[in-house]
Amino acid sequence: MIKNLIKTAFRSLLKNKGFTILNALGLSVGLATCLLIIFYVVDEVSYDRYNTKADRIYRVTIEARLNGNAGSYATSEAPMKDALKSNFPQIEKIARLIPASNLFISPQKYYVRKGAENILEKNIVFSESGLFDVFTLPMIDGSPSTALNEPHSAVITESTAKKYFNKTDVVGQTLTLNDTSTYKITGVIKDIPAQSHFNYGIFLSFSTLPESRVNSWGFAGLHNYLLLKPGTNVKKLESEITKIDIKNSFSPSTWGSNGNYLRITLKPLLDIHLKSESIGELSQSGNMQYVYIFSVIAIFILLIACVNFMNLSTARSSNRAREVGVRKVLGSPRKYLMAQFLTESLLITFVSTVIALFLAWALMPLFNHMSGKDLSLTTQSLTWLLPSLLVIVLFIGFLAGAYPAFYLSAFRPIDVLKGKISTGFKGGALRSFLVVFQFSISIFLIIGTLVIYNQLNYIHSKSLGFDRSQVLVIKNANVLGNRAKILKQQLKQLPGVVNATMSSYQPTGDERLKTGLFPDKIIDIKKDVLSEFWSIDEDYMSTMGIRLVDGRNFSKQMATDSAAIIVNEAFVKKFGFKDPLNKIVYRDSYGIQPFHIVGVVKDFNFESLKDKISPLALVYAPDNGAINVKIHTADLANLMSKIENKWKELSPNQQFTYSFMDQDFDATYRAEQRIGTIFITFSTLAIVIACLGLFGLAAYAAEQRTKEIGIRKVLGANISTIVGMLSLDFIRLVLISILIATPLAWLVMQKWLQDFAYRTTIQWYTLAIAGATAIIIAFITISFQSIKAAIANPVDSLRSE
């Protein structure tokens, strides 16, 4: 029985090759696209799930608002560990991580010796042995319980061991850092999975650092992780920890008044990657919103492919009504007819799924390039993929085959054979609904694509208040020590170099320093203004193209400039200064430090365009963390070679690393750019799939009106009249789709734009372009079949009449 059903279904599909190819093509492309998105989504939601106790691990997060400055911080205070240990028995274990960038006594950058070369190592973090009690980091050599107990101990990953020693059997050997300190390797762990919110290669003992002996509640640079006992009331624990934090804060009475607050939240480990926007994360976070968006797009594309399948199946079913009538007259039961239609549907779905699997595998490298991922088909992924595909085959097969199976099998043979069953596109209410549905989705995606494109274009074209073009950033100049100034002067003498400045802080960089500034010498926390505090030299503003709107620049000739600052307009506004020049503000850092304002610069964007410009103070202080070089040359390669040679003359054993500011700026919005590229690609695929279905429907509509077209031509109708007649029904449905999709897309994309403090607006013509595009695409798709039918010889269609 089953063999016969498959054989009959196979013959039927071969008999209608055009129908089979259109269906298989649309469905396989849709499924392949859906599979790629599923891989992306699965990768995003799998972060940190490698930890066997992931559901019980939480990170201490501080949420605070002070004098209008609100923020969420991934780091918390150093004494937190001891306070929690002694007060909360429901906390099973505590682990701490402190990245080098959070150190304030020890160096923030580390170079590891490899042969004669010192390599800048960014994957360094300081921790304790408790790390291995909380996180699942299998140690292949060494003792997890004691590995980081002693000062100058190090645990490294397998990849790091191979990088520096070309082997993994390295316990007992040493790492030399910054040519000044050595660390004994006490353990080697397996590489941390890529799906982890931290992925360091070298773990150094925190007890080595002088910071480990700082027990002040003012030092809040550590990532504190808690392993809670099963059944712990998390909300109650948050409340209790908050009380301890407020009690030990600088001014406990400040919190809870004038809108100020301080509270501790325990962020679940599994939420850190996608649901945390805290300052000081250990890696770039994902975005749950984009996971939702891509999931919806995957569903949309799958639905469009299914709608195509159903549309073409129902359109074709009218041609098979006579077949059903004959089968019933010959005694075929209804259940057999239903089984026949469902078998055909399942067979074509199965073939399409197999094609989609190979298509997804072939397109995976391209998708990885677009998304910045490293996805692949692995044995592990097949364990969930194959059952999922089986469910998809059954679901789509039954969904697409249900209508012809139940509807056609219910025909009365007498009505079918007398030709009383309506055929053609007219009267196909379900098909009309499905066309409206899939084109509504397509128009929605077109509008979304245009809005994302416009916002990305706005970001790139917006005047940011500084000139990022042709600015070379030479990184890690601090390794040169006092020779950094010599290099700066030598570079300024090179042809093609316009200017150069020394500072770790660039508007497009990630080096930042926030500090509290006060209007009075008597420090009142309630008057604290949180501000960026950047060290620069006298060449900084001219190199960066930052405009001075009031006052003057720093000068070597002014000895008092060591206590001077230049501020931005947001700073002036925050302090409420009407005439800011010569006003004095105070900083509480190792004593009260007064700074007088000598200049005001026009606001410039040094943070993401998602954030408003915040207060900024530029201080005249030496900072050799980086050398920023403004260049203007037609021979960039030659100039770069000269600059590198100058570096090597002063520091032959140190890596010459650099970037360009415009590239750094692009990197800031790389996530949005990738989202835009993926959105555009998938939207295009959705439209192509929808057009495949429309093409098939137009072909069947024209085929079923062949005699009508012949009669109209005999009566004098021209080609344009017939094309218009055949196209009108479809265009009407597209217009209905535009009316449905436009307001929905406007609402959704308006909400997406709210994430940007500086954003474009959705213009009426954006919606009009999307609608016009849909109509044009639909008309071109339909016209091919309409013109073909219109130019056919009427004699051929009326010969039997």
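Which side chain meets that of Lys556 in a salt bridge? I looked it up and found Glu538, at 3.6 Å from N to O. Here a salt bridge is a side-chain nitrogen of Lys or Arg within 4 Å of a carboxyl oxygen of Asp or Glu. Lys556 lies in the loop between strand 18 (548–551) and strand 19 (564–568), and Glu538 in the loop between strand 17 and helix 15 (540–544), so the bridge ties together parts that are 18 residues apart in sequence. I noted that Lys556 is exposed, at 58% relative accessible area, whereas Glu538 is buried, at 16%. The cut-offs for these words are under 20% relative accessible area for buried, over 50% for exposed, and partly exposed in between, with a 1.4 Å probe and protein chains only.

**Ground rules**

I am reading a predicted model, where local features need pLDDT of at least 70 and side-chain atom pairs count only at pLDDT 80 or more, while totals for chains, interfaces and linings use all residues. Residues are numbered from 1 along each chain as its sequence is written, and side-chain values use heavy atoms, with hydrogens and water left out.

**The whole protein**

I started with the overall picture. The protein has 23 helices and 24 strands; these are DSSP runs numbered from the N terminus, helices being H or I with at least four residues and strands E with at least two. Of its 801 residues, 52% count as buried. The C-alpha atoms fill a box of roughly 105 × 60 × 60 Å along the principal axes. Among contacts (heavy atoms within 4.5 Å) with a separation of 6 or more, 80% are between residues 24 or more positions apart.

I also looked at Ala429, which is in helix 13 (residues 429–461). Ala429 is exposed, with a relative accessible area of 59%. From Ala429 to Pro495 I count 66 residues in sequence, and 74 Å in space from C-alpha to C-alpha.

**More salt bridges**

How many salt bridges does the structure hold? The tally is 21. One of them joins the side chains of Glu63 and Arg263, at 3.0 Å from N to O. This pair links distant parts of the chain, with Glu63 in strand 1 (residues 57–66) and Arg263 in strand 13 (residues 261–268), 200 residues apart. Both ends are partly exposed: Glu63 at 22% and Arg263 at 37%.

Lys648 forms another with Glu644, the closest N and O atoms being 3.3 Å apart. These two are four residues apart in helix 17 (residues 636–650), so about one helical turn separates them. Lys648 is partly exposed at 44%, and Glu644 is partly exposed at 28%. I then found a network: Lys488, Lys492, Asp537 and Asp539 are joined by salt bridges that share partners.

Next I traced an open sheet of four strands in the order 15-23-14-24, with antiparallel pairing. Strands pair here if DSSP finds at least two bridges between them. Strand 15 and strand 24 (658–660) are the edges, each pairing on one side only. From one strand to the next, the twist averages 20°; angles run from 0 to 180 degrees between N-to-C directions, and axes are lines fitted to C-alpha atoms, for helices over the stretch in contact.

Strand 15 (residues 497–502) is mostly covered, with five of its six residues buried. Five antiparallel bridges pair strand 15 with strand 23 (residues 626–631). Val497 has Ile631 as its bridge partner in strand 23, and Met502 stands opposite Ile627 in that strand. Helix 14 (residues 483–492) packs on the sheet, touching strand 14 (471–475), strand 15 and strand 23, and its direction makes about 165° with that of strand 15. Helix 18 (residues 661–668) packs on the sheet too, touching strand 14 and strand 24, at about 75° to the direction of strand 24.

**A pair of helices**

Last, I checked helix 21 (residues 719–753) and helix 22 (residues 764–790), whose axes come within 8 Å and cross at roughly 155°. That makes helix 21 roughly antiparallel to helix 22, a label for angles over 145 degrees. Residues of helix 21 that meet helix 22 include Phe730, Leu735 and Trp746; among those they meet in helix 22 are Leu767, Phe779 and Ile787.

How values were computed: Parallel < 35°, antiparallel > 145°, perpendicular 65-115°, else oblique.
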